[in-house]
Amino acid sequence: MNNKVGIYYAYWTRNWDADFVDFVPLVKRLGFDILEVNGGTIARMSIKERERLKAAALSAGVELTYCIGLTREYDLASEDAATRQRGVEFLTRMADAIGDMDGKILGGIIYSSWPGKMPQDVTDKRPFLDRSVAAMTEAVKAAEDNGVLFNVEVVNRFEQYLLNTAQEAVAYVERVNSPNCKILLDTFHMNIEEETFADAIRTAGSRLGHFHLGEANRRPPGRGRLPWDEIFGALGDIGYKGAMTMEPFMVPGGEVGRDISVYRDLTNGLDLDDEAERSAKFVKDKLATL
Ligand code: MN
């Protein structure tokens, strides 16, 4: 397999907003094909700022992908219609901005909020799903217009309640029924919720549009116990040709450490750049055997 391999910028940052241009040559030097950046930041950038980033990525030969967890004010599943409308408008702005960048991939918790909990004493999530599907059906038109994929990320129960398994995500995207609404699976979350990695990947099948890599404690691939041969084997079985971006988090502190719940130093004294470079090689070596 020769899928493009990427890394999320927030591995290096304490805040979600950052100047992504600095990371473009760095990830190239460390052996990556892709830099994944914050979709919200892109939507808020001026045209000039976007052009500067686009030019940096083009000249380095680095592809950009985009990720976001919507805050509560944009929750597509909210009981409040104005909140859902803000969410649709924000997704539309992101799709337009990513389109301007000639980007293709947005993923994350774009169908509700991050983090997100069901209200107390509510046990039926179907009304929340219904509202989210309706709002996404509207928002995805901007993705279609811009040639962008909206990939709904399946995450663990401690972070969101609507889509915790690949099976739930398949039901969701079937209801949205757009070629531009697909699924993002993430090995860190799958490790908590799925019966097996291979079955979850096969369940997503042709609806898999993006993929996140990370060990059980969010260290970079190759430093933990996740069954990478099973995972990459199943991706090969379904003919997955898309991107794979790692999303490691190892350093406590700042917005990122707080929101990701990094409460100890996971680097074990290793250098962040060296670890990223080692992990890119680990993933590419595994892919080369398939
Ligand atoms: Mn992820």
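Which backbone nitrogen lies 2.7 Å from a polar atom of the side chain of Glu 194? Keep that in mind as you select; this is a predicted model.

**Stop 1: Glu 194.** Select Glu 194 in the loop that joins helix H7 (187-193) to helix H8 (197-204). The residue is buried, yet it has no salt bridge. Look for the nearest side chain of opposite charge: that is Arg 157, 10 Å away. Now show Ala 166. Its backbone nitrogen is the one that sits 2.7 Å from a polar atom of the Glu 194 side chain. Setting aside neighbours within four places in sequence, Glu 194 touches Val 154, Asn 164, Thr 165, Ala 166 and Ala 200.

**Stop 2: the largest pocket.** Move to the largest pocket, with a volume of about 540 Å³. It is lined by 27 residues; select Trp 16, Asn 38, Ile 68, Gly 69 and Trp 114, the closest to its centre. Next, colour the elements around it. Helix H2 (39-44), strand E3 (63-69), strand E4 (105-109) and helix H10 (254-260) each give at least two lining residues. H10 supplies the largest share, with 4 residues.

**Stop 3: Arg 72.** Go to the loop between E3 and helix H4 (81-100) and pick Arg 72. Is Arg 72 buried or exposed? Its relative accessible area is 69%, so Arg 72 is exposed. Then select Ser 113, 41 residues away along the chain. The C-alpha atoms of Arg 72 and Ser 113 are separated by 5.2 Å. Beyond neighbours within four places in sequence, Arg 72 is in contact with Thr 83 and Ser 113.

Terms used. Residues numbered from 1 in each chain as written. Predicted model: local features only at pLDDT ≥ 70, side-chain atom pairs only at ≥ 80, totals over all residues. Heavy atoms only, no water. Buried < 20%, exposed > 50% of the residue type's maximum accessible area, 1.4 Å probe, protein only. Lys, Arg positive; Asp, Glu negative; His and termini not counted. Salt bridge = Lys/Arg side-chain N within 4 Å of Asp/Glu carboxyl O. Polar contact = N/O pair within 3.5 Å; in protein donor to acceptor, adjacent residues only side chain to side chain. Contact = heavy atoms within 4.5 Å. 1 Å grid on protein atoms, 1.4 Å probe; cavity = no way out; pocket = protein on both sides within 12 Å on 5 of 7 lines; lining within 4 Å. Points joined across faces, edges and corners; volume = space filled by probe spheres on them.
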